[in-house]
Amino acid sequence: MDPIRGFGIDRVAAAAEETGGRHGGPILRMENLDTDLPLPPEALETTRATLEDPKSNSWLPFTGDLDLRAAIADFTAERTGHRYDPEREIVITAGGMEALLNILLATVDPGDEIVVTDPTYAGIVNRIRLTGGTPSFVPFLAEDGGWRFDRDALDAVVGPKTTGFLLMSPSMPSGGYLDEDDWRAVCDLCRERDLFLIYDSAMERLLFDGRPLVHPLRFDGMAERTVIVGSLSKEHRMIGWRVGWVAGPADTVSDSGWVHVYNTTMPVAISRFAATAVLRGDQGHVAACVAELEHRRDTMLSGLPGWPLVSAAGGWSMLLDVASLGFEPEEASQILLDDAQIAATGMRGWGDEVAERYVRFVFSAEPVERLETIPDRVAGTRLAEAVATRA
């Protein structure tokens, strides 16, 4: 357990609760991935209607009911052109992170290196370590106010111990995006060096500025070496329902399914009907949420001109380069909480050298009218003084 470290969210949240109680001020809660965005219309209605169905309180089936797996197969086929066999190639899990740990346990041996981006969600980095693997980092580079996936670093990062990639786009916490050329470079390496890809699809439609969804399954030869980890917690905001899945080649998914059974025994039965209804329902709510999230990002960017924010290409959060202002991430996080009543998490442990420069602002739970108060909140803080000096 020596290399396993906390990700700071719980500490910042606890401090925010204490600070709020002490000062009584309206703290901006930008430290965790809660959201105030509305649920899909089917979620609550179907959950309420099926509470008394015996299947909502059953252990079985251990790997998820077939109707939900078929809905996932159709849902995935619509955007990738590849349809998974619901019986053999999909397993339902208690959230996307359980799915991720299951597939890592099923594919990673001690000493294996798994390539992730820097930054990457600390929960992903530490799950690799929990399985005995080693995360190997390919940087996102902050350029022209946004992120660029460092394709030139791939050859140096992918070494003899590398067995696979674990990537998401847009990525968490940065909002970094892999374009067509980025995915082509990754997929070429997977084929040339016989590597697998674990693709975290949780945020794949949450893209800003008209960016297209580029899916790795659409590249030649990737269906047989890609495992998709899916979730209803981001695009569909159904955090508390804990619905995730693994989809991929039958043998690998079977292995992951047994890890799931001996890990949690079953998915969340009470969520099965709502999850199926949402996946088969009108997906227009996703576009509405993307528009709102993009508006929130733009509100922050326009309200803090000159601040070293790196614009997110999608997702729920954005990063501030506090190292360029002369601060450690923990120090900057404390200043934001104490002096500006903003709860934000330092990114140490969320990757490597790149991540350690940043503090994360999550904008999924704060409406525009509250985000508009950020400039007044930070005015006069040491961070603002450093921005002025830097300019």
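Predicted model: local features only at pLDDT ≥ 70, side-chain atom pairs only at ≥ 80, totals over all residues.
Residues are numbered from 1 along each chain as its sequence is written, and side-chain values use heavy atoms, with hydrogens and water left out.

A cavity here is a set of points, on a 1 Å grid over the protein atoms alone, where a 1.4 Å probe fits but cannot get out; lining residues have an atom within 4 Å of a point. Grid points are joined across faces, edges and corners, and the volume is the space filled by probe spheres set on them. The structure holds 4 cavities of 30 Å³ or more.

The lining of the largest cavity includes Phe 75, Arg 79, His 215, Glu 235 and Trp 245. Helix 3 gives the most to this lining, with 3 residues; helices (H or I, at least four residues) and strands (E, at least two) are DSSP runs, numbered from the N terminus.

The second largest cavity has a volume of about 70 Å³. Among its lining residues are Asp 65, Ile 92, Thr 93 and Arg 272.

Ile 92 and Thr 93 bring us to strand 2 (residues 90-93). Ile 90 and Ile 92 on one side, and Val 91 and Thr 93 on the other, are all buried, that is, under 20% relative accessible area with a 1.4 Å probe, protein chains only. Strand 2 runs antiparallel to strand 9 (residues 244-247), joined by 4 bridges; pairing requires at least two DSSP bridges. Thr 93 stands opposite Gly 244 in strand 9.

How values were computed. Buried < 20%, exposed > 50% of the residue type's maximum accessible area, 1.4 Å probe, protein only. 1 Å grid on protein atoms, 1.4 Å probe; cavity = no way out; pocket = protein on both sides within 12 Å on 5 of 7 lines; lining within 4 Å.
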